[in-house]
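Work through the exercises below with the sequence and the coordinates at hand. Each task is followed by a stepwise solution.

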Amino acid sequence: MIIKENCNLSFDLSGNLLLTIPKSYLQNVEQEVLLKSVERLINSAKKKITSSNDWNGDSAADIVGICASSTNDGSVQHDRDIYGLE
């Protein structure tokens with residue numbers, strides 16, 4: 001798959017999939033090959049997103065729960081505590 005090694009799949013802060021394909025590939029690769037490659041990449045990204053329903057392999061698992069605090073309603077009062085909102 002020619003495009004896989006030269007394109008970039010990533011996610012923005014909202015979790016949206018970003019696909020970058022170099023202009024040279026758009027100009028030089030047949031449309032059918034490009035479309036099939038993009039379809040495979042998107043399917044691969046979908047599998048990665050939906051394959052894990054637990055913390056296995058999640059880098060956040062290494063930091064969750066390592067701090068202690070007297071605050072026991074942090075998620076409920078997040079905006080008030082962080083931003084001073086009422």
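**Exercise 1.** Determine where E32 and K36 lie and how many residues apart they are.

Solution. In this predicted model, helix α2 covers residues 31-50 and contains both E32 and K36. The two positions are four residues apart, about one turn of the helix. Next, take the side chains: E32 forms a salt bridge with K36, and the closest N and O atoms are 4.0 Å apart. The structure holds one salt bridge.

**Exercise 2.** Classify E32 and K36 as buried, partly exposed or exposed.

Solution. Buried means under 20% relative accessible area and exposed means over 50%, with partly exposed in between. E32 has 49% relative accessibility, so E32 counts as partly exposed. K36 has 42%, so K36 also counts as partly exposed.

**Exercise 3.** Which residues form a nonpolar patch on the surface, and where is V64 placed?

Solution. The patch consists of W55, I63, V64 and I66. Together they have about 460 Å² of accessible area. V64 sits in the loop between α2 and α3, the latter spanning 78-83.

Terms used. Residues are numbered from 1 along each chain as its sequence is written. This is a predicted model: local features need pLDDT of at least 70, side-chain atom pairs count only at pLDDT 80 or more; totals for chains, interfaces and linings use all residues. Side-chain values use heavy atoms; hydrogens and water are left out. Buried means under 20% relative accessible area, exposed over 50%, partly exposed in between (1.4 Å probe, protein chains only). Patches are made of residues with over 30% relative accessible area and no salt bridge: like charges are joined within 9 Å, nonpolar side chains (Val, Leu, Ile, Met, Phe, Trp, Tyr) within 5 Å. Accessible areas come from the Shrake-Rupley method with a 1.4 Å probe; for residues, only the protein chains shown count as cover.
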